[in-house]
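Please keep the sequence and the model open while reading.

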Amino acid sequence: MKPGAPGVRGVAVGVRQPLIDGVEKVTGRAKYTADLPAAGALVGAILRSPAAHATIRGIDVSAALAIPGVRAVVTGADCDIAYGVIPIAQNEFPLARERVRYRGEPVAAVAAVDAATARAALDAIVLDFEPLPAYFDDAAARAPDAVLLHANKPGNVEREVDHVFGDPDAGFAAADLVREERFHYAEVTHAMMEPNAALAEWDAERGRLTLHSVTQVPYYVHLALARCLALDESRIRVVKPFVGGGFGHRTETLNFEIVAALLARAAGGTVKLELSREESFLTHRGRPQTDIRMKIGLARDGAITAVDAEIVQRGGAYAGYGLVTILYAGALLHALYRVPASRYRGVRVYANTPPNGAMRGHGSVDARHAFESLLDRMAGELGLDPFAVRRANLIVPPWRTINDLQVNSCGLGECLDIVERASRWRERRGRLPRGRGLGMACSHYVSGSAKPVHWTGEPHAVVQLKLDFDGAVTVLTGASDIGQGSSTLIAQVAAEVLALPLDRFRVFANDSAVTPKDNGSYSSRVSFMVGNAAIRAADALRRELIQAAARKLEVAVEDVEADGETYRVRGTDRELGWKDVVNAALEPSGTLSVKGAWSTPPETQGGKFRGAAVGSSAGFSYAAQVVEVAVDEETGEVRVERVWVAHDCGRAINPLAVEGQVQGSVWMGMGQALGEETRYHDGLHLRANMIDYRIPTIAESPPIETYIVEAPDPNGPFGAKEAGEGALSGFLPALTSAIADATGIALNELPATPEHLLAAIVDRRRAAQLAAAKAARAAGGA
């Protein structure tokens, strides 16, 4: 398909639909958390630890409480219940207790009548800390004499994974070529546009809490608030307003959300807590600093015979999503290609840095770069084209991987064909001028985790539809639209089933008092899971409407056919318009409410070994891309000239949104590949702002030619799969492959900043000079 070409169009599915909340966003009418009116609200502020690791001997808040206008001060003494997104790994407190474990960790918070008073109160708090040794890399944290960050985690290891599938030793023995290399990846963070904010209202008379927050996971926030404040869940309401991006940062409850609630209860009123950009960086939850040893065996035709990977992640001070991240890194070595045997050892290490968590492409990005980079180099040694090696390992669905991941659809072959042809790879690869190069890579991702974080036995997704006298269909969903367009998708799916125009629908999302529970927006789950629930809800409403029309027309249900807003008796001119059908449906009992629910099929939920649930998914997306670069070998600067990317999303329910999501994935991959990197000095964040933390701007953004491939998944809504993450991890290896094509330098460390690349260029020149001098001496001696 050409760039932007939609798939087969239906009434609403396959239509290039502008987002239904787009007008509010572009006109400034959208209300984000910090924009919400809060008359009389107190100003919240957080005091953060100046030490990276220390015992808390005391926190004296008496002077702060004595300041006029200070309504509340809370510390770790006000919440002795730990929280965390993974039920078996809850070891973080909203305010530090007994010990601080990273510089910037919240230790106290105040609520005051204005910002100046709040700042004065923070300044008045006296901290009594006893310093402890601090560890800023995984090796130091794992040293035999290192102080444990958490007493129940020997060696400061949060999670260790050892998985072996098939017979890797035999696979390597049978290989014609075996290679092993090491790679290093800097820690990166989400840099979402909207800083963190929360608005907490405590109803003292009723003992009820209402929280508005920037979260991607309102349900998980709800659970954490109930846990940490020891409240019955029925006394809590969580509302997600517009959110200015998340990218994984907001896929777990964050400390400031609980802090805002604690302050509101202590003050007996409403507290607005807005974090600065620096504080949002410190809240972190980004992709961890990672070291990888990757070993691959290939047959002469390029077929993979075995894989052996060791991955060490510096996870920061608390658990968060850590055990999931280290499991994902190993699990997603599979399901992109046929891998007959594998060995994986993963280690997640605690350190005195802000906690890492989920970030777009969760767990897969660094490992995919190492895998694809090594695969490319081995292809060169075997005299094979990089495209040929990928084609030699394509999955043919249905396919069960050796680690029990079920693949029911795969359009990677078509993706490869498209970007090879569009980039003119065969004509141009290796023939460009010095300093210009082409590189390629493949990638994939899950369409939601097949097993939820909090296993309750409930459906994975529920959507409700309400029809009333006005003839509008109200969609009620707990799915979080964080800019990816999920509310639009849900409306399109329902409109397709009911064959109604989209303007008949209004979507109401993310208010726990009104909308059904949803697990949230993470792991690209919404399109697949909530989309399926919306289909079932719309089917239920369609049945109700057909039955109502049959009653009104006095015919059998099977004699009624629905054609958009008209319901007629088959083979006759007897029909009812929309308003008449709605009235007929409402006659028996008034307002009509139906729901649809969906859960992942059991066969897609992974195997029985420990950690098998992570990586399992009802469907996988696939992507291939080619990157063209220009490299200035005098400065080390890399400029991305153009990107060709083809993404298999199963079915493009909204091609316009799919293109935007794929381009956003590529762009985010470009940031990590070229410049993004968090840095710390004795635990102090050196790049906690948008100047020093370098994300690409429009000036660095290349043309991204986006091609939609549709290999429908039998479990997906109208065949759809995810579109927002799968292309990200492929950009990094495609870029470094292009740099190698342009310069001959293979990079095993990211980001590829001018400093890093120039150092490699200088090292190569020196090596060449030394070799020339040695050769000259040898010739002279002869």
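Start with Cys-415. Its relative accessibility is 0%, so Cys-415 counts as buried. The model is a predicted one. Cys-415 takes part in no disulfide. The nearest cysteine sulfur belongs to Cys-410 and lies 7.9 Å away.

Cys-79 is buried as well, with a relative accessible area of 3%. Which cysteine sulfur is closest to that of Cys-79? The sulfur of Cys-228 is, at 4.2 Å. That distance is too far for a bond, because a disulfide needs the two sulfur atoms within 2.5 Å. By this rule the count for the model comes to 0 disulfides.

## Confidence

The mean pLDDT of the chain is 96. A value of 70 or more is reached by 99% of the residues. Residues 1-7 stand apart, with pLDDT below 50. Beyond near neighbours in sequence, this stretch still has 18 contacts in the model.

## Overall fold

The chain holds 19 helices and 31 strands. How does its radius of gyration compare with the globule rule? The radius is 28 Å, and the rule gives 28 Å for 782 residues, so the chain is as compact as a globular protein of that length. Along the principal axes, the C-alpha atoms fill a box of roughly 105 × 80 × 50 Å.

Of the 782 residues, 61% are buried. The chain exposes about 28,600 Å². Carbon and sulfur atoms supply 51% of that area.

## A covered strand

Strand β18 spans residues 436-446. Is this strand mostly covered or mostly open? It is mostly covered, with 10 of its 11 residues buried.

The pairing partner described here is β26, residues 620-632. The two strands run antiparallel and share 11 bridges.

## Cis peptide bonds

Two bonds deserve a check by eye. The peptide bond from Pro-397 to Pro-398 is cis, with omega near -5°. Pro-398 sits in the loop between α11 (386-391) and β16 (399-400).

Leu-750 and Pro-751 are also joined by a cis peptide bond. Here omega is about 15°. Pro-751 lies in the loop between β31 (749-750) and α19 (754-781).

## Positive phi

Most residues other than glycine have a negative phi, and most peptide bonds are trans. Ala-230 has a positive phi, near 50°. Its place is in the loop between α6 (218-228) and β11 (236-239). Is Ala-230 buried or exposed? Ala-230 is exposed, because its relative accessible area is 64% and the exposed class starts over 50%.

Asn-510 has a positive phi of about 65°, though it is not a glycine. Asn-510 falls in the loop between β21 (505-509) and α15 (526-553). Its relative accessibility is 3%, so Asn-510 counts as buried.

Methods
Residues numbered from 1 in each chain as written. Predicted model: local features only at pLDDT ≥ 70, side-chain atom pairs only at ≥ 80, totals over all residues. Heavy atoms only, no water. Buried < 20%, exposed > 50% of the residue type's maximum accessible area, 1.4 Å probe, protein only. Helix = DSSP H or I, 4+ residues; strand = E, 2+ residues; numbered from the N terminus. Pairing = 2+ DSSP bridges. pLDDT = per-residue confidence, 0-100. Contact = heavy atoms within 4.5 Å. Rg over C-alpha atoms; globule rule 2.2 N^0.38 Å. Areas by Shrake-Rupley, 256 points an atom, 1.4 Å probe, with all protein chains shown as cover.
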